[in-house]
Amino acid sequence: MRSKGPLAWIRRTRFWTSVFRTGIPKDAREQHAVVLSNVFLHLHPTRVPQASIRFIRTFCLGGISLLLFCVLLVTGVLLMIYYRPTPGLAYTDIQELEAVVPFGQLLRNLHRWSGHAMVLAVIAHMARVFYAGAYRPPREFNWVIGVFLLVLTLFLSFTGYLLPWDQLAYWAVTVGTNMAASAPFIGHLGPFSVVDAGGDARAILLGGEVVGADALIRFYVLHCVVIPVVMPLLMAIHFYRVRKDGGVLARY
Ligand code: HEM
């Protein structure tokens, strides 16, 4: 794959060849080599059935979910600069973000709407996969990974809801965590309960029995660190499996 043209000498430098192991491909075999030796291109298969890239096959819903997750990561990191997770500061930080910080309101709304849209996109993606019958072998393991991704998406949304520390957040999380208290086995009010109020699912979520400072810091850590770290790991497995299971189901 020897390169030609006025700037070809750049592509022959040691620096260039140490980064790019192959030249510009001339045929399908060389294209294969380029794809396999580049981490970004390697994410995509070298060959894709034409039918599976038709818009109507997927409605791009998995990709839209991923895109929204990326928007959430970028806007979330920017929001972290202005937000402090303590009961005395959280509410006023959000008010200041909206009223004082340049583009603060836009930033907050981008994050909020992307969060809502991601929940809808993931549910729609799951419905698309279900109606295509793409949960059947050999894709059943990827369906299970998807279920974990759905639960984490909902949990990401739920944990973020408390952070503005306003009345809506406070009471929504009070209701949500009371539901955890009624869960079977792990909720102290639930059927077949094996725990007491101080050690059930609600207490673990809240760091106590009421929505207070301990709950806020737990939700903050879950929302900003734990879930955003775990989700990309699961997504990596999810995308890898799509590839290894022969790409998106092309015929149904
Ligand atoms: C954060 C959430 C998710 C992301 C980012 C994501 C992303 C993707 C992408 C990009 C694809 C390939 C193209 C497409 O179908 O759009 C895909 C395929 C797939 N996803 Fe997801 N997904 C997520 C959640 C889920 C959920 C909740 C389920 C099911 C419970 C699921 C099950 C599957 C299956 C079985 C495939 C293979 C589909 C086929 O072969 O036709 N995914 N996913």
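1. The buried residues of helix α10 are A169, V173, T174, G176, T177, A180 and A181. The model is a predicted one. The cover over these buried residues includes α9 (140–162), α11 (201–206) and α12 (213–244).

2. How far apart are the end C-alpha atoms of helix α10, and what span should its 15 residues have? The helix covers residues 167–181, and at 1.5 Å a residue it should span 21 Å. The end C-alpha atoms are 21 Å apart, which agrees with that expectation.

3. T174 is found in helix α10. Its relative accessible area is 17%, and because the limit for buried is under 20%, T174 counts as buried. A polar atom of the T174 side chain lies 2.7 Å from the backbone oxygen of Y170.

4. T177 is also placed in helix α10. With a relative accessible area of 1%, T177 is buried. The side chain of T177 reaches the backbone oxygen of T174 at 3.3 Å.

5. Which residues does T177 touch, leaving aside its neighbours within four places in sequence? They are F158, R202, L205, L206 and F219.

6. The iron atom of the ligand is coordinated by NE2 of H125 and NE2 of H238, at 2.1 Å. H125 lies in helix α8 (residues 104–132) and H238 in helix α12, so the pair ties together parts that are 113 residues apart in sequence. Both H125 and H238 are buried.

7. What is the geometry at the iron atom of the ligand? The site has 6 donor atoms, with angles of 86 to 180° among them, and is octahedral. For comparison, ideal angles for six octahedral donors are 90 or 180 degrees.

8. Some backbone angles deserve a check by eye. Most residues other than glycine have a negative phi, and most peptide bonds are trans. The peptide bond from P137 to P138 is cis, with omega near 10°. P138 is placed in the loop between α8 and α9.

9. C60 is a residue other than glycine with a positive phi, near 55°. C60 lies in the loop between α5 (55–58) and α6 (61–82). Its relative accessibility is 38%, so C60 counts as partly exposed.

10. F103 is a residue other than glycine with a positive phi, near 60°. F103 is placed in the loop between α7 and α8. Is F103 buried or exposed? With a relative accessible area of 68%, F103 is exposed.

11. V100 lies in the loop between α7 (90–99) and α8. At 61% relative accessibility, V100 counts as exposed. V100 and A215 are 115 residues apart along the chain, and their C-alpha atoms are separated by 27 Å.

12. The domain assignment of the protein chain gives domain 1 (8–42) and domain 2 (56–244). The C-alpha centres of domain 1 and domain 2 lie 40 Å apart.

13. N38 lies in the loop between α3 (28–36) and α4 (39–42). At 23% relative accessibility, N38 counts as partly exposed. The N38 side chain reaches the backbone nitrogen of L41 at 3.1 Å. N38 and G247 are 209 residues apart in sequence, and their C-alpha atoms are 19 Å apart in space.

14. V48 lies in the loop between α4 and α5. V48 is partly exposed, with a relative accessible area of 42%. How far apart in space are V48 and G246? They are 198 residues apart in sequence and 8.7 Å apart in space, C-alpha to C-alpha.

Methods:
Residues are numbered from 1 along each chain as its sequence is written. This is a predicted model: local features need pLDDT of at least 70, side-chain atom pairs count only at pLDDT 80 or more; totals for chains, interfaces and linings use all residues. Side-chain values use heavy atoms; hydrogens and water are left out. Helices (H or I, at least four residues) and strands (E, at least two) are DSSP runs, numbered from the N terminus. The expected span of a helix is 1.5 Å times one less than its number of residues. Buried means under 20% relative accessible area, exposed over 50%, partly exposed in between (1.4 Å probe, protein chains only). Contact means heavy atoms within 4.5 Å. A polar contact is a pair of N or O atoms within 3.5 Å; within protein, one must be able to donate a hydrogen and the other to accept it, and residues adjacent in sequence count only if both atoms are side-chain atoms. Donors are N, O and S atoms within 2.8 Å of the metal (3.2 Å for Na, K and Ca); water is not among the atoms, so sites may look incomplete. Four donors count as tetrahedral if all angles lie between 85 and 135 degrees; four count as square planar and six as octahedral if opposite donors are over 155 degrees apart and all others between 65 and 115; anything else is irregular. Domain bounds come from an automatic or database domain assignment.
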